[in-house]
Amino acid sequence: MGLRGNRGDHDPVLLRNWKLTNTVVGFTGVQGDPLQSLLGIFHYIDATQSSTSLRESFYVFPVVEGIHVISLAISVGLVIWFDLRLVGLILKDQPVSAVFRPIRPFMLTGFGIMFATGIALFWALALRCYASPFFWIKMVFLLLAGINIGIYHFTIDRRQTEWDSMTVPPTRARIAGLVSLVLWIGVIAAGRLMAYFL
Amino acid sequence: MWDKLYPYFLWIENTPPAHGIRQSKWIFSVAEVFHLFGLTLLLGIVVILSLRLCGLALQRKDVAAITRELRPLSIGGLTLVLSTGIILFISEATKCWGNVGFRYKMLFLFLALLFQFTGLQKITRAAEGRFSPITRKITAFVAIFLWFGVAIAGRAIAFF
């Protein structure tokens, strides 16, 4: 199916997206309907004015990307210490809450910056994200990390006062810490590879 | 001075390992991944130590004791960033030579390492109470400034 008669004929961005989806994703139908498919939604985002300006901006995009990468230090860089304490590897003489509570505001700020800049980057490159296997791997890892936090929070964390001062926390807490470490390593790896192969 | 270094950068780029890295589809990207692991670990340590020096976290444990406990991880993080950084550098040495981000990164890296093994080491190994809170706070800010400077200039390499 050709591009003749399509809106994309006169719009370089739409035309590029057309070629991209046709070659990379193998999508050969008409442009996706936002209400009917995921690809349609990604198409819609990619064609918005805000997405285009962000994608083509000379300064804003690199700055947003820079903030996204360097905020690793205060998001994952801080969650590591809590995870390692949960596993029972470091700061064993300190209660778990004494490690977690003071770093929580900084960590949450870090993750807030990560999500905000991450969404902006996705918004600018929605179609390329759709075509990147690493993007989907990253999303799966993020989802699993969220589920892990949820399970921890609603189960073993409820009885934290009972094991707060244990040098080595109960197995379920240790597993939550280990799973979190592994998943964040996966998120970083998939994210970096995604940017490299975009 | 910098101009005179060009032949060396060119020589590095033409060594067999540099050729090997360029020919492989994966070495460079995997080195980037591990460079980022190292950054997370190293900057994470700088942040947590700075929070402690400012009296914002882990107050019940001595700075010296925390530093001692985190040492294997900080040495690990430093080894990781330096070794993967060398892999990334040798494969595109002449590009780095002409890159303003790279020059700033090397400047910040030199200052950060210098500070790490002089001022910071002195403060973090000292007994509690030997240095005033204000001295410890300034130390924390300098460490944050220098190490984040390395990271920001490093990120800038990609855009010049």
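**View 1. Helices α3(A) and α6(A) are roughly perpendicular to each other (65 to 115 degrees).** In this predicted model, helix α3 (residues 49-56) of chain A packs on helix α6 (residues 96-124) of chain A at about 100°. Their axes, lines fitted to C-alpha atoms over the stretch in contact, lie 8 Å apart. Contact means heavy atoms within 4.5 Å. From α3(A), A:Ser50, A:Ser51, A:Leu54 and A:Arg55 meet A:Ala120, A:Trp123 and A:Ala124 of α6(A). By class, this contact has four nonpolar, two polar and one charged residues.

**View 2. Helix α5(A) passes α10(A) in a left-handed crossing.** The axes of α5 (residues 76-87) and α10 (residues 171-197), both of chain A, come within 7 Å and cross at roughly 150°. That makes the pair roughly antiparallel (over 145 degrees). Among the α5(A) residues in the contact are A:Val76, A:Ile80 and A:Leu84. Those from α10(A) include A:Leu178, A:Trp184 and A:Ile188. The contact residues divide into 11 nonpolar, two polar and two charged.

View 3. Over all chains, the whole structure has zero disulfides (pairs of cysteine sulfur atoms within 2.5 Å).

**Notes.** Residues are numbered from 1 along each chain as its sequence is written, and chains are lettered from A and ligands numbered from 1 in the order in which they are written. Local features need pLDDT of at least 70, side-chain atom pairs count only at pLDDT 80 or more, totals for chains, interfaces and linings use all residues, and side-chain values use heavy atoms, leaving out hydrogens and water.

Methods: Axes fitted to C-alpha atoms, helices over the stretch in contact; angles between N-to-C directions. Helix = DSSP H or I, 4+ residues; strand = E, 2+ residues; numbered from the N terminus. Parallel < 35°, antiparallel > 145°, perpendicular 65-115°, else oblique. Left-handed = near helix turned anticlockwise from the far one by under 90°. Nonpolar A, V, L, I, M, F, W, Y, C, P; charged D, E, K, R; others polar.
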